[in-house]
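Student: Before we discuss the classifications, may I see the sequence and the model?

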Amino acid sequence: VYGGPNVDWYVNGQIAVNGGQEQVNIPTLYVNGYLFLEPGSYSVTVVPTEKAVEEALMGPVAVELAVGHRYTLAMMGQLEDSSIKPLLIDETAAEQQAGASPSDSVLILVNNLAGAATIDAMWDGQVLVKDVPYGGFAVAVQSAGTHALKVTGPGDPSGRIFDNNAIQAEPSQTSIL
């Protein structure tokens, strides 16, 4: 959550570990790597670093994982209005629904911007996704290579929320923004 504290990530009441690295003191806006978990039911909690689990920012959240699927769990909302909610994205299902093949480069655009009812994304000046609602996400297949990505408010291609003329999209890669 933008402007939030560093956090520790718990799965089933234990600190999560990724590649031998405990998922603690994770800074704001940092997207950590995937945890590799067996299919099944899990409880996920996000707690401010050095706070008790009872002081969680989010959770516990019940998460059901299916075999062969990748997921993203995002904290949605703004810290100052205590509206933090989970957004669970089944990346595999969302990419299939968008028509992506396993070799495609895919963008998942999440709208967690206060005051932005919707956002749009342009890829090299062409609309990639449009009207992504606050608290939601959209998925789009993008061409591999170096491109310009611009995220704007609704219907305002001249405005700028995010603008980068050198985004590198790789085949078989999913990017989350």
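**Definitions applied to the model**

Tutor: Let us begin with Asp 131, whose place is in strand β11 (residues 126–133); strands are DSSP runs of E with at least two residues, helices are runs of H or I with at least four residues, and both are numbered from the N terminus. This is a predicted model, in which local features need pLDDT of at least 70 and side-chain atom pairs count only at pLDDT 80 or more, whereas totals for chains, interfaces and linings use all residues. Residues are numbered from 1 along each chain as its sequence is written, and side-chain values use heavy atoms, with hydrogens and water left out.

Student: Why is Asp 131 called partly exposed?

Tutor: Buried means under 20% relative accessible area and exposed means over 50%, with partly exposed in between (1.4 Å probe, protein chains only). Asp 131 has a relative accessible area of 43% and therefore counts as partly exposed. Its phi is near 60°, a positive value in a residue other than glycine.

Student: What makes the contact of Glu 91 with Arg 70 a salt bridge?

Tutor: The term requires a side-chain nitrogen of Lys or Arg within 4 Å of a carboxyl oxygen of Asp or Glu. For Glu 91 and Arg 70, the closest N and O atoms are 3.2 Å apart, and the pair forms a salt bridge. Glu 91 belongs to helix α1 (residues 91–97) and Arg 70 to the loop between β6 and β7 (71–76), 21 residues apart.

Student: What makes Asp 120 and Lys 130 a salt bridge?

Tutor: Their closest N and O atoms are 3.7 Å apart, and the pair qualifies. Asp 120 lies in strand β10 (residues 118–123) and Lys 130 in strand β11, so parts 10 residues apart in sequence are tied together. Asp 120 is buried because its relative accessible area is 6%, while Lys 130, at 49%, counts as partly exposed.

Student: What joins Arg 70, Glu 91 and Glu 95 into one network?

Tutor: Salt bridges that share partners join these residues.
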